[in-house]
Amino acid sequence: MTETDPVVPLVVVVDDEPETQRTVFRHAPPERARFEILSPDEVDEEVLNSADLVMVDYVIDNWEARDNTPRLGLRPGNGIALTAVLREHAGRLENPTGFALNTGKPGALWLTPAETRTHLIARNYNLEWVFLKSDGDQNIRQAISLASAIRRLPPTWPGDDHARATYLVQRLLGLMRGTDEDSRPPWTSMALSDVESCRPPLTELAERNHGLLFLRWLLQRILPYPCFLYDSHRLAARLRVSHACLKGALVGELGDWLRPYIFQGVLQDFAGDRWWRSGVEYALWEITGGLSVTAGDLREELSRRANVELRPALAADPIICIDENYQVLDEALSLGQVVRIQPDDWPSYASQAWTTIELAKQHPRLRAMVLDEGQDQLSNPDDQAPCTEAQT
C-alpha cells in the first residue's frame, strides 16, 4: 500500500478481480478520498489499521490461495464470511474501521425481492452498509461519505461518560459548530429531544466498537425512515406544497431560507439533503408569529420568500406513502386514498407508515401489513372517502 494523506479518508476495496474495480473507482476525486483496490491476499494488519472503510466483494470465485487449502476453516466462501474475519482482526486495532459489502447480486442476500433494502441487508449481516455494483457513481459518493464519517469518530468513544457522549453526538450531528452552547441554534433543545426519542447508542454499546454503532444507527435506523429529519418529500408535505415544485424552488431563494435548518452532520451527503424537523418547525413558527394560519396563507408567505409561485400539494392534509418496494411516492395523497401499514422493521419511534389503497389491493405483501382498521377499506371500495383537493 502507498502512504496516504492522514486528512483524506481511505477506502479499501477488496475484490477477486481488482483490475475491474480499479476501472470503476478511477474517477473518485482524490482530494476527497483515497481508494486502494486489493485482492483478498493483499489485506493485512497494516491495511486494516489504515483503512477507514473496507468494501468487500460478495462473490469471490477467483482466489487461488483459498481454493488450494484443504482446511475448511481457512476457506471463507463469500464476502460475508471474509468480512467477518477481517472485522475480528480490525476490532483489535487502534482505529475504527467500517465494513461494507460490494455486490452485484443483492438477490442472493435476501430471499424476498421487496425486502432488498440495503440498510436491512447490512443490519442482518453485521455491516455498516451494502453497496450495489450497479449504482456506479452513487457508490463512490456514498463510500466517501461513510469513510469521512468514520474518520471523524474518536479513537475511544466516551461510553462511561453520558455528558461527554451527548456532547460528541451534538458535534457529529452538526448541532454544535463551536465550543460552547452559544454556538448552537435556538431550536437545538427540541432537536436533541427528538434525537433522544430515537434511542441513539451513547454508552457502552457504542464504546465497544469505537462509535461505529452510532453511525450504523444513523445509516440504518434514521436516514431510511421518517424521524427527526425531513427528506424533500416530507418537507413538501409539511409546507403543503407540491414536491416537484419544492424541488425546483430549493435551488433558489427558498433553499437559502431553509439552509440554516439543513442537516450538516456526518453522512449529510449519503442519502440526499435532509432538514431538521425541529428547525423547520422553528422557521414556520417565526414567519407566522406563532399563530395558526391556513395552508394557503402559509404557501403565499413561502412563495414570497422563494420569489416564485409555489403550487399547492394535491391533498389538503398530505400524507406520504410508500410503495411495495418501500420507495416513497413522489406526491402526497389525502386520507381517503391511503391506509396505515406496519412493516416488520419499521421503528416504533418513526412516523406512521402509509401506503395507498390501490397498491395494497395489488400487492398481497402490502395488504398483509395493513392495520386492522384499514382492512375494510380494501374490501369495500364504495366506503372510501373522496379525495380532497387542496384549496388554492
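Student: What is the relative accessible area of N126, and how does that class it?
Tutor: N126 is found in the loop between α5 (118-124) and β5 (129-132), where helices (H or I, at least four residues) and strands (E, at least two) are DSSP runs numbered from the N terminus. Buried means under 20% relative accessible area and exposed over 50%, with partly exposed in between (1.4 Å probe, protein chains only). N126 has a relative accessible area of 40%, so N126 is partly exposed.

Student: What kind of model is this?
Tutor: Residues are numbered from 1 along each chain as its sequence is written, and side-chain values use heavy atoms, with hydrogens and water left out. Local features need pLDDT of at least 70, side-chain atom pairs count only at pLDDT 80 or more, and totals for chains, interfaces and linings use all residues, in a model that is predicted.

Student: What is the phi of N126?
Tutor: N126 is a residue other than glycine.

Student: What is the phi of L267?
Tutor: L267 lies in the loop between α13 and β7 (275-276). Its relative accessibility is 3%, so L267 counts as buried. Although L267 is not a glycine, its phi is positive, at about 65°.

Student: Which residues does R216 touch, leaving out those up to four places away in sequence?
Tutor: R216 lies in helix α10 (residues 212-222). Its relative accessible area is 11%, so R216 is buried. Contact means heavy atoms within 4.5 Å. With residues up to four places away in sequence not counted, R216 touches R87, N126, L127, E128 and R221.

Student: Is R71 buried or exposed?
Tutor: R71 lies in the loop between α3 (64-67) and α4 (79-90). From R71 to Y167, 96 residues apart in sequence, the distance in space is 48 Å, C-alpha to C-alpha. With 59% relative accessibility, R71 counts as exposed.

Student: How many residues does the second core have?
Tutor: L53, from the largest core, touches residues including L10, F99, F131 and I150. The second core is separate and includes L38, L48, W63 and V130. Its residues number 26.

Student: How far is M55 from G98, C-alpha to C-alpha?
Tutor: M55 lies in strand β3 (residues 53-57) and, at 0% relative accessibility, counts as buried. Among the residues it touches are V11, V12, F25, A100 and A143. M55 and G98 are 43 residues apart along the chain, and their C-alpha atoms are separated by 8.6 Å.

Student: How are α11 and α14 oriented to each other?
Tutor: Axes are lines fitted to C-alpha atoms, for helices over the stretch in contact, and angles run from 0 to 180 degrees between N-to-C directions. Helix α11 (residues 232-239) and helix α14 (residues 277-288) pack at about 25°, their axes 12 Å apart. Angles under 35 degrees count as roughly parallel, over 145 as roughly antiparallel, 65 to 115 as roughly perpendicular and the rest as oblique. The two helices α11 and α14 are therefore roughly parallel.

Student: How do the residues of the contact of α11 with α14 divide by type?
Tutor: L235, R238 and L239 in α11 meet V280, E281 and L284 in α14. Ala, Val, Leu, Ile, Met, Phe, Trp, Tyr, Cys and Pro count as nonpolar, Asp, Glu, Lys and Arg as charged, and the others, Gly among them, as polar. The division is 4 nonpolar, no polar and 2 charged.

Student: How far apart are the axes of α8 and α14?
Tutor: Helix α8 (residues 188-197) packs against α14 at an angle of about 145°. The contact joins M190, A191 and D194 of α8 to R277, S278 and Y282 of α14. The axes of α8 and α14 are apart by 8 Å.

Student: How far is W257 from A306, C-alpha to C-alpha?
Tutor: W257 lies in helix α13 (residues 253-258) and, with a relative accessible area of 17%, is buried. Its contacts beyond four places in sequence include A283, L284 and I287. W257 and A306 are 49 residues apart in sequence, and in space their separation is 8.0 Å.

Key:
A nonpolar core is a set of buried Ala, Val, Leu, Ile, Met, Phe, Trp, Tyr and Cys residues joined through side-chain atoms within 4.5 Å.
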